[in-house]
Amino acid sequence: MVNSISSNIFVQGLFVILSHPKGYWSQLVSEHSFCYEESICNPDVWPGICQTGVRQSPIALPGDRVETYQSNYLRFNEGYSSSVFYLQNDGHTISLTFSPNYTSAGRMAGFGLRVPYIFAKLHFHWGDFKEPDIGSEHSIYGQFYPMEMHLVHYSTFYDSLSQAIESGDPEGVAVVAVFLEPAEEGLGREAEEFNKIARQIKSLYPFKMYREVYDLIDLEPLLPKPGDGCYQYHGSLTTPDCSEVVLWTVSSTRVIPIDPADFKRFSKVKDSDDLPLRNNFRPLKKSLDRVVKHFRVM
Ligand SMILES: [Zn+2]
């Protein structure tokens, strides 16, 4: 029953208490205190290293110190598909994982990555369907995109995503960023896989909603592929506590076309105050002389 969809929709609190390891719930609660738009909790007042850090993300790419490298490989194994996935609205974004413990069989290796990295989860940053020129966190030559997807991985050196973040290791986490934009034509397998997420979003409109979906999803079409240009640099999580533990790989030349109707669904997601969750992107941070490496995937 690969294509059947679970009818199990839980209010997340109940589901978490029954089924999830302890860290899952505490992570949600601790992330609750930031926002994007209201002045008492927006990015201007995010605390600690979010203000004082020197390797913060996102940044304007490519910046002044770009180093160009030859084509190099970036590989993703077969573990980026699953017959079950978990979606949640945590009040800041919609995220997807293959396992409630934020782990999977997905492995990434290649340029700049000293060890393989394990796929933990993905989530989205988006603007407002009425303003197609904003939404992404990173910019490429001054251009922003309507949506940016982050595929969060942790180093095989660590046992879990949270351990990798807590380590302080500047390469404990590797995030692959890809841009998406609504398009009337040219929709392909990427849009089909994205639709499997987007068509569930209605059930996730209210804050804290959680959904277990029994449907075969394959993220491979959404990942960087041969010929794509990528920028790589050392940065941070783009949400509090903004830990500087991320090796970013931003796919810069291929913008993934998605169905406009799917994109529009994101504008109905609600945050913890029951207000529309949109413009959930952090403004650009200073590069502060960081080196950005450019390579093409082969
Ligand atoms: Zn993100």
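This is a guided tour of the structure shown above, stop by stop.

Before selecting anything, note that the model is predicted, so local features are described only where pLDDT is at least 70 and side-chain atom pairs only at pLDDT 80 or more, while totals for chains, interfaces and linings use all residues. Residues are numbered from 1 along each chain as its sequence is written.

**The whole chain**

Begin with the chain coloured by secondary structure, which comes to 6 helices and 18 strands; helices (H or I, at least four residues) and strands (E, at least two) are DSSP runs, numbered from the N terminus. Of the 298 residues in the chain, 43% are buried, where buried means that 20 or more other C-beta atoms lie within 10 Å of the residue's own, exposed means 12 or fewer, and partly exposed lies in between, with C-beta atoms placed from the backbone. Among contacts (C-beta atoms, placed from the backbone, within 7 Å), those between residues 24 or more positions apart account for 76% of the contacts with a separation of 6 or more.

**The largest nonpolar core**

Next, select Met-147, Met-149, Val-173, Val-175, Val-178 and Leu-180, which have the most contacts inside the largest nonpolar core, a group of 68 residues. Such a core is a set of buried Ala, Val, Leu, Ile, Met, Phe, Trp, Tyr and Cys residues joined through C-beta atoms within 7 Å. Strand E12, residues 173–182, gives the most to this core, with 8 residues. Centre the view on Leu-180 and, leaving aside its neighbours within four places in sequence, look for its contacts with Tyr-145, Pro-146, Met-147, Met-149, Val-255, Ile-256 and Ile-258.

Now select strand E16, residues 246–251, in which 6 of the 6 residues are buried. In a regular strand the side chains alternate between the two faces of the sheet. Here Val-246, Trp-248 and Val-250 point one way, and Leu-247, Thr-249 and Ser-251 point the other way.

Two strands are said to pair if DSSP finds at least two bridges between them. E12 and E16 pair in the parallel sense over 5 bridges, and Val-175 can be found opposite Trp-248. Strand E15, residues 229–235, runs antiparallel to E16 and is joined to it by 6 bridges, with Gly-235 as the bridge partner of Val-246.

**The loop between E15 and E16**

Stay with these two strands and move to the loop between them, where Asp-241 is placed. The peptide bond joining Pro-240 and Asp-241 is cis, with omega about 10°. Cys-242 lies in the loop between E15 and E16 as well, and its phi is near 60°, a positive value in a residue other than glycine. Cys-242 counts as buried because it has 26 C-beta neighbours inside 10 Å.

**Ile-118 in strand E9**

Select Ile-118, which is found in strand E9, residues 117–126. Is Ile-118 buried or exposed? Ile-118 is buried, because 24 other C-beta atoms lie within 10 Å. Although Ile-118 and Val-173 are 55 residues apart along the chain, their C-alpha atoms are separated by 9.1 Å.

**Two further loops**

Tyr-102 sits in the loop between strand E7 (94–97) and strand E8 (107–110), and has a positive phi of about 55° although it is not a glycine. Finally, select Pro-58, in the loop between helix H3 (49–52) and strand E2 (60–61), where the peptide bond from Ser-57 to Pro-58 is cis, with omega near 0°.

Technical notes: Two residues are in contact if their C-beta atoms, placed from the backbone, lie within 7 Å.
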